[in-house]
Amino acid sequence: MNENKVFAIFKKLPKTQFSKQKKLELSIVSDLEDRYDELQYAFDDASYYGYERLDDLLDEFYNAVNPIKTEIDEMAINGNASNLPFVAEEVKTMIAELEQKADELGLNPSDLVAGYDDMKIWSDQADSVYSNFVSKYRETINVTNNNDFIK
């Protein structure tokens with residue numbers, strides 16, 4: 001506290017003998033003035049963030065996160081990955097039938113169907129790949145808080 005202010009306050013007080021209690025009560029003036037800056041900084045921060053900056057940060061967060069969340073939802077709803085178990089099962093059935101008929105004719109299935117070897121590998125590994133996909137999808141939506149569109 002500024003000493004001149006204290007002196008000015010004492011000059012305005014009536015000329016009486018002060019007890020120790022009165023002197024202690026006047027220390028509240030000094031204590032209060034010492035807290036001015038702290039209160040001002042706290043008030044300014046709360047006002048700035050409460051009325052302005054947190055809204056900006058929320059907008060920035062939404063703008064950064066929304067495209068990611070949208071892509072995750074689009075992949076789950078419209079993507080092909082969720083079809084893997086069904087397509088792979090159908091292809092496995094068709095491959096088994098092709099292999100049986102090709103064997104009866106003494107032919108190699110890969111000579112009859114373009115991409116046969118890839119389709120055989122993919123359909124054989126589909127359960128493992130799909131399981132990994134679903135696990136990673138659920139891990140991702142737990143973090144991003146997306147809805148679960150893959151059942």
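Arg-35 and Glu-38 are joined by a salt bridge, with 2.8 Å between the closest N and O atoms. The term salt bridge is used here for a side-chain nitrogen of Lys or Arg within 4 Å of a carboxyl oxygen of Asp or Glu. The model is predicted, so local features need pLDDT of at least 70 and side-chain atom pairs count only at pLDDT 80 or more, while totals for chains, interfaces and linings use all residues. Residues are numbered from 1 along each chain as its sequence is written, and side-chain values use heavy atoms, with hydrogens and water left out.

Glu-38 is partly exposed, at a relative accessible area of 45%, and Arg-35 is partly exposed at 48%. Buried means under 20% relative accessible area, exposed means over 50%, and partly exposed lies in between (1.4 Å probe, protein chains only).

**Salt bridges**

Across the whole structure, a search finds seven salt bridges. Three of them are listed here, including the one already described.

| Residues | Closest N to O distance |
|---|---|
| Glu-38 and Arg-35 | 2.8 Å |
| Asp-124 and Lys-120 | 3.9 Å |

Glu-97 and Lys-101 are four residues apart in helix α4, which separates them by about one helical turn. Helices are DSSP runs (H or I, at least four residues), numbered from the N terminus. Glu-97 is partly exposed at 42% relative accessibility, and Lys-101 is partly exposed at 45%.

In helix α6, Asp-124 and Lys-120 are likewise four residues apart, about one turn of the helix. Asp-124 has 46% relative accessibility and counts as partly exposed; Lys-120 also counts as partly exposed, at 28%.

**Helices α4 and α6**

Helix α4 covers residues 84–105 and helix α6 covers residues 116–144; their axes come within 9 Å and cross at roughly 140°. Helix α4 is therefore oblique to α6. Axes are lines fitted to C-alpha atoms, for helices over the stretch in contact, and angles run from 0 to 180 degrees between N-to-C directions. Angles under 35 degrees count as roughly parallel, over 145 as roughly antiparallel, 65 to 115 as roughly perpendicular, and the rest as oblique.

**A nonpolar patch**

Tyr-48, Tyr-49, Leu-54 and Leu-57 form a nonpolar surface patch, with about 350 Å² of accessible area together. Patch residues have over 30% relative accessible area and no salt bridge; nonpolar side chains (Val, Leu, Ile, Met, Phe, Trp, Tyr) are joined within 5 Å, like charges within 9 Å. Areas come from the Shrake-Rupley method with a 1.4 Å probe; for residues, only the protein chains shown count as cover. Leu-57 lies in helix α3 (residues 36–78) and is partly exposed, at 31%.

Key:
Helices (H or I, at least four residues) and strands (E, at least two) are DSSP runs, numbered from the N terminus.
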